[in-house]
Amino acid sequence: GGFPLETVTLGSPQFVIDAYQLAVAGDGTAIVLLADEATAPGLTKAQMQIIAVEASGKTRWTTPLDVTLPYDPADLTTHYGVFVDGAGTVVVTAGSVMGLDLASGSVLWTLQPAKPESCLRPAVLGAGGSIIATQCDGTVFLARDP
């Protein structure tokens, strides 16, 4: 019916929020990505927080990340992405693609883009648990477990 079911306060991040993304895991956990960008010639440095909020409204974990991205003149929302795959891995795009553990927030793996000098668009979940991403120069790459 469009009525709010719950409102959760995340607290005050220690930075300015320039961009954000949201995702929901199969168990009802909400994943919040917050990013603060500082642009330098040719590069963008971002301070990020990935926050997992349980269905009850309790914060499960917060993972801070500092990342460097190739400069991208596009809208800030295209620099970052987050989704949760069927196995419960939180997949974050921010200059690279990272897998975080849904239970703890620890970084499980990092996948560098095919062309590190070209900016990366948010990765999406593909067939068979694969990850598909595009880059600003038109490169498309696919990755999955063997």
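Across the whole structure, a search turns up four salt bridges, a salt bridge being a side-chain nitrogen of Lys or Arg within 4 Å of a carboxyl oxygen of Asp or Glu. This is a predicted model, in which local features need pLDDT of at least 70 and side-chain atom pairs count only at pLDDT 80 or more, while totals for chains, interfaces and linings use all residues. Residues are numbered from 1 along each chain as its sequence is written, and side-chain values use heavy atoms, with hydrogens and water left out.

- Side chains of opposite charge can pair when their charged atoms come close.
- R121 and D72 form a salt bridge whose closest N and O atoms are 2.2 Å apart. R121 sits in the loop between β8 (107-111) and β9 (124-125), and D72 in the loop between β4 (59-70) and β5 (81-84), so this pair ties together parts that are 49 residues apart in sequence. Strands here are DSSP runs (E, at least two residues), numbered from the N terminus.
- D72 is buried at 7% relative accessibility, whereas R121 is partly exposed at 21%. Buried means under 20% relative accessible area, exposed over 50%, and partly exposed in between (1.4 Å probe, protein chains only).
- K115 and D137 meet through their side chains in a salt bridge of 3.6 Å, N to O. K115 belongs to the loop between β8 and β9 and D137 to the loop between β10 (131-134) and β11, so the pair links parts that are 22 residues apart in sequence.
- Both partners count as partly exposed: K115 has a relative accessibility of 36%, and D137 has 41%.
- Shared partners join the salt bridges of D27, E54 and R60 into one network. Within it, R60 bridges to E54 with the closest N and O atoms 3.2 Å apart. R60 is partly exposed at 27% relative accessible area, and E54 is partly exposed at 24%.

**Nonpolar cores**

- The largest nonpolar core has 23 residues, of which I31, L33, M48, I50, Y80, V90 and V92 touch the most other members. Such a core is a set of buried Ala, Val, Leu, Ile, Met, Phe, Trp, Tyr and Cys residues joined through side-chain atoms within 4.5 Å.
- Two or more residues of this core come from each of β1 (19-24), β2 (30-40), β3 (43-53), β4, β5, β6 (89-93) and β7 (97-101).
- Another core of eight residues lies apart from it, and its members include F83, V91, V97 and A123.
- V90 is in contact (heavy atoms within 4.5 Å) with I31, W61, V82, F83, V84, M98, G99, L100 and L102, leaving aside residues up to four places away in sequence.

- Three strands make an open, antiparallel sheet in the order β9-β10-β11, where pairing requires at least two DSSP bridges between two strands. The edge strands, β9 and β11, each pair on one side only.
- Four bridges connect the antiparallel strands β10 and β11. The bridge partner of T134 is V140 in β11.
- V140 also belongs to a nonpolar surface patch with V124, I132 and L142, and together they have about 350 Å² of accessible area. Nonpolar patches join side chains of Val, Leu, Ile, Met, Phe, Trp or Tyr within 5 Å, using residues with over 30% relative accessible area and no salt bridge; areas come from the Shrake-Rupley method with a 1.4 Å probe, and for residues only the protein chains shown count as cover.
- L142 is found in β11 (residues 140-143) and is exposed, at 59% relative accessible area.

Terms used:
Patches are made of residues with over 30% relative accessible area and no salt bridge: like charges are joined within 9 Å, nonpolar side chains (Val, Leu, Ile, Met, Phe, Trp, Tyr) within 5 Å.
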